[in-house]
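I opened this notebook to record what I looked up in the structure, entry by entry. The entries follow the order in which I went through the topics.

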Amino acid sequence: MTVDTPQPLYDMGYIILQYGQLDYTLQCIQSIRANTPPATYHIVVVDNCSPDDAYQKICQLTQEDSDVTVLKTLGNIGFARGNNLGYDFLRKKCRFICILNSDVELLEPGFVQQVEATYREHPFGVMGPYIHLPAIKRAEWLMSDIGTWKQEKKRLAVKRRNAWIAYLGLNELRYRLGRIVHKHESPESKDYEEFKNEEARQFHKNRVLNGCCLIFSSDYLQKMEHAFDPRTFFYGEEQLLYVMVRQAGMDTVYQPSIRVNHYRFVSTDAAMKRHRKICFQWKNSVFAQKLLVQKLAEMQRHKE
């Protein structure tokens, strides 16, 4: 006896993790509606225990909307677990899931059709689009590739050192010295900037993707219980996601023909002063890097 697999209800599910900043959430929802055919999608807004009245207002504004579901966490559970809550809600209802920050705006009228076309040509587990930063009028540069276990272990040592520098309030000094020592590799170097901008305009396969906007295929939805490693809080999710995708025998794809706007840093800047934010970044970056080193060590042992 064979059991029929239920057909997905929607072509695309969208997950928006909200932490205050209601105006950006509404702008994101509007961009989804403007670029996705009606009745082919569903939006889940996960309110990550916003410190203001964003949750109450988004509930009021969408209570009559059949295309939006609002979920609320009991506390600020971070980027990974917050998005995983929406992923769990939509996973068996959609062919694709797009997880996007509340400060991201879709720009492509045929967004879903372009995702489908990319999948047919380059079957992927997770795809990332070209991310435009309106504030500085350029692309979000591609993230660095993951190195070997030994290389990532060295990066962990560097991050631990930088975390202590941040706690001591010396981060600005470290940054200035780094610019002097590595001036030819810094974002201020025209050659480096041109290289990174050109790289962002090209198609790539099996690269670490930026977490502000990610599209998960049906392959990923069928294989993976979580969108992200639930042990992380914020920072480092993209690297761990890449390892998860590759371990599961799938590919990541970067498709520059699909574009979104990213009004960068809204989610963290909304709640943090500069010094606190820097310490927060390094603390969570160190923890995520430890998890990455552990995963790479496990992969190395399996190879041996």
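Before noting any handedness, I wrote down the convention: a crossing is left-handed if the near helix is turned anticlockwise from the far one by less than a right angle, and right-handed if clockwise. Helices (H or I, at least four residues) and strands (E, at least two) are DSSP runs, numbered from the N terminus.

I also noted that this is a predicted model, in which local features need pLDDT of at least 70 and side-chain atom pairs count only at pLDDT 80 or more, while totals for chains, interfaces and linings use all residues. Residues are numbered from 1 along each chain as its sequence is written, and side-chain values use heavy atoms, with hydrogens and water left out.

Entry on the whole chain. I found 11 helices and 10 strands in the protein. Of its 304 residues, 51% count as buried, where buried means under 20% relative accessible area, exposed over 50%, and partly exposed in between (1.4 Å probe, protein chains only). With contact taken as heavy atoms within 4.5 Å, I noted that 83% of the contacts between residues at least 6 apart in sequence join residues at least 24 apart.

Entry on helices 1 and 2. I looked up the crossing of helix 1 and helix 2 and recorded it as right-handed. Helix 1 brings Leu22, Thr25, Leu26 and Ile29 to the contact, and helix 2 brings Ala54, Lys57, Ile58 and Leu61.

Entry on strand 10. I found strand 10 (residues 252–262) mostly covered, with 9 of its 11 residues buried. For its neighbours I used the rule that two strands pair if DSSP finds at least two bridges between them. Strand 6 (residues 126–133) runs parallel to strand 10 and is joined to it by 7 bridges, and within this pairing I noted arginine 259 of strand 10 as the bridge partner of tyrosine 130. Strand 5 (residues 104–106) pairs with strand 10 in the antiparallel sense over 3 bridges, with valine 104 opposite histidine 262. Strand 8 (residues 204–205) is also antiparallel to strand 10, over 2 bridges, and there histidine 204 stands opposite tyrosine 254.

Entry on cysteines. I searched the whole structure for disulfides and the count was 0, a disulfide being a pair of cysteine sulfur atoms within 2.5 Å. Cysteine 98 is in no disulfide, and its nearest cysteine sulfur, that of cysteine 213, is 3.9 Å away. I recorded cysteine 98 as buried at a relative accessible area of 0%, and cysteine 213 likewise counts as buried at 0% relative accessibility.

Entry on methionine 244. This residue lies in helix 9 (residues 237–247) and counts as buried at 11% relative accessibility. Leaving out residues up to four places away in sequence, I listed what methionine 244 touches: Tyr220, Met224, His226, Ala227, Phe228, Asp229 and Lys295.

Entry on backbone angles. Glutamine 21, although not a glycine, has a positive phi of about 50°; I placed glutamine 21 in the loop between strand 1 (10–18) and helix 1.
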